[in-house]
Amino acid sequence: MKGSPHYVEGDITTMSDKIILTGDRPTGKLHIGHYVGSLRGRVELQNSGEYKKIFIMIADAQALTDNADNPEKIRQNIIEVALDYLSAGIDPEKTTLLIQSQIPELCELSFYYMNLVTVSRLQRNPTVKAEIQLRNFETSIPVGFFTYPISQAADITAFKATTVPVGEDQLPMIEQTREIVRKFNDVYGETLVEPDAMLPTEASARRLPGIDGGAKMSKSLGNCIYLSENSADLKTKVMSMYTDPDHIKISDPGKIEGNTVFTYLDAFATDAHFAEYLPEYANLDELKAHYQRGGLGDVKVKKFLLAVLEETLAPIRARRAEYQRDIAGVYDILKKGSEAAREVAAETLSDVRAAMKINYFDDKALIESQAKLYGDK
Ligand code: TRP
């Protein structure tokens with residue numbers, strides 16, 4: 001599709017009917033891995049003009065399913081994630097930003113969906129399985145955590161989302177949602193919209209390693225570059241990045257595979273960056289070839305990466321500074337977004353109640369037929 005080089009999707013509904021919902025758990029501030037893997041693509045989707053509505057949810061209630069004893073962490077990170085979204089270019093005029101816990105309709109939807117899912121089906125959900133292992137929950141899984149795929153189905157269906165941009169790890173969640181939708185529509189009549197996952201393109205899906213070359217950026221490992229990183233820290237981090245340990249002298253041939261600096265360049269560097277900062281190379285292929293041949297030092301490559309990241313992060317940093325000056329205003333954006341989102345969710349809930357025939361007081365035919373039944377006696 002035209003809108004985004006960072007997402008691919010299947011052929012679905014006509015463009016103008018498409019609604020996006022996606023979200024993140026507010027458990028920490030976002031790093032440049034999040035930017036490459038999702039944020040950058042979301043901004044492009046937002047600006048493509050091809051979606052009728054876009055919702056981005058800060059999934060605090062879901063975060064609480066495995067952080068029940070640490071609500072303060074979740075509370076503090078809501079503003080961090082909101083600032084990260086806004087500074088990355090999410091525009092509250094175009095995208096509705098909402099906080100999950102502020103939409104109580106989601107709980108009621110989950111409550112009804114729970115009747116359509118079996119315990120064994122949840123136990124087979126690969127994402128839940130992996131997360132249970134990761135958290136050592138084996139013997140004591142909180143029920144809320146176990147059932148979060150159902151609440152995620154509520155998140156998605158409440159907004160009649162057709163399109164859910166997510167990482168590969170979330171595919172089982174979308175599949176679970178689709179099953180719930182099919183089952184609901186089957187039992188109660190066509191009511192809910194069956195969503196499609198939208199995966200990042202191959203290039204942007206590539207997970208950014210930590211600056212130490214570790215498989216993953218993680219706060220606890222201290223190997224992240226944050227979206228909000230200042231220039232001085234960015235420089236220190238880039239200059240200390242893991243490269244090829246066997247590339248000792250400049251004249252040594254160097255390896256690209258597993259070389260973190262090149263992995264980051266793959267994700268961020270454009271030909272325009274070369275023209276601006278390193279015009280002796282036309283593109284990344286030429287730089288890589290020289291490195292592999294030998295005769296190119298790490299410091300030169302790192303300085304180039306630093307320039308590229310600086311150019312990428314500077315406008316993000318500047319927008320963040322603006323929003324930070326008005327934190328109350330950011331909360332107001334979240335409040336307004338949550339209110340608007342709640343109206344949409346309430347409409348869906350009303351459809352759901354009608355389909356399930358539990359809208360007794362609106363059901364004139366029910367009241368009349370029973371009045372007749374008993375009134376005649
Ligand atoms: N489970 C998602 C994650 O961990 C966050 C999330 C919550 C979400 N609700 C959602 C993503 C609905 C997409 C749609 O990243």
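Angles between axes under 35 degrees count as roughly parallel, over 145 as roughly antiparallel, 65 to 115 as roughly perpendicular and the rest as oblique. The axes are lines fitted to C-alpha atoms, for helices over the stretch in contact, and the angles run from 0 to 180 degrees between N-to-C directions.

With that in hand, welcome to the structure. This is a predicted model, in which local features need pLDDT of at least 70 and side-chain atom pairs count only at pLDDT 80 or more, while totals for chains, interfaces and linings use all residues. Residues are numbered from 1 along each chain as its sequence is written, and side-chain values use heavy atoms, with hydrogens and water left out.

**Overall picture**

The protein has 17 helices and six strands; these are DSSP runs numbered from the N terminus, with helices being H or I of at least four residues and strands E of at least two. Its C-alpha trace spans about 100 × 45 × 40 Å along the principal axes. Of its 377 residues, 49% count as buried, where buried means under 20% relative accessible area, exposed over 50%, and partly exposed in between (1.4 Å probe, protein chains only). Among the contacts with a separation of 6 or more, 77% come from residues 24 or more positions apart; a contact here means heavy atoms within 4.5 Å.

Two packed helices are described by the angle between their axes and the distance between the axes.

| Helix pair | Angle | Axis distance |
|---|---|---|
| α1 (residues 32-48) and α3 (residues 71-88) | about 60° | 9 Å |
| α3 and α16 | about 85° | 11 Å |
| α8 and α9 (residues 171-188) | about 70° | 9 Å |

The angle between α1 and α3 is about 60°, which makes α1 oblique to α3. On the α1 side the contact uses Tyr 35, Leu 39, Arg 42 and Val 43, and on the α3 side Asp 84, Tyr 85 and Ala 88. Five of these contact residues are nonpolar, none polar and two charged. In this sorting, Ala, Val, Leu, Ile, Met, Phe, Trp, Tyr, Cys and Pro are nonpolar, Asp, Glu, Lys and Arg are charged, and the others, Gly among them, are polar.

Helix α3 also packs against α16, and these two are roughly perpendicular to each other. Ile 78, Ile 79, Ala 82, Leu 83 and Leu 86 of α3 meet Ile 327, Val 330, Tyr 331, Ile 333 and Leu 334 of α16. That contact divides into ten nonpolar residues, no polar and no charged.

Helices α8 and α9 are likewise roughly perpendicular to each other. From α8 come Tyr 148, Pro 149, Ile 150, Gln 152, Ala 153, Ile 156 and Thr 157, and from α9 Met 173, Ile 174, Gln 176, Thr 177, Ile 180 and Val 181. Nine of the residues are nonpolar, four polar and none charged.

**Cores**

A nonpolar core is a set of buried Ala, Val, Leu, Ile, Met, Phe, Trp, Tyr and Cys residues joined through side-chain atoms within 4.5 Å. The largest one has 60 residues, and Ile 32, Tyr 85, Ile 225, Tyr 264, Leu 265, Phe 268 and Leu 287 have the most contacts inside it. A second, separate core holds 36 residues, including Ala 153, Phe 159, Val 166 and Val 181.

**Residues to visit**

Pro 149 sits in helix α8 (residues 148-158) and is buried, at 0% relative accessibility. Setting aside neighbours within four places in sequence, Pro 149 contacts Leu 122, Asn 125, Val 128, Met 173 and Gln 176.

Arg 320 belongs to helix α15 (residues 298-324) and counts as buried at 6% relative accessibility. Not counting residues up to four places away, Arg 320 touches Glu 80, Leu 83, Asp 84, Ser 87 and Ser 228. Its C-alpha atom is separated by 7.3 Å from that of Leu 86, 234 residues apart along the chain.

Lys 160 lies in the loop between α8 and β5 (163-165) and is partly exposed, at 26% relative accessible area. Lys 357 is in the loop between α16 (327-356) and α17 (364-375) and is exposed, at 61%.
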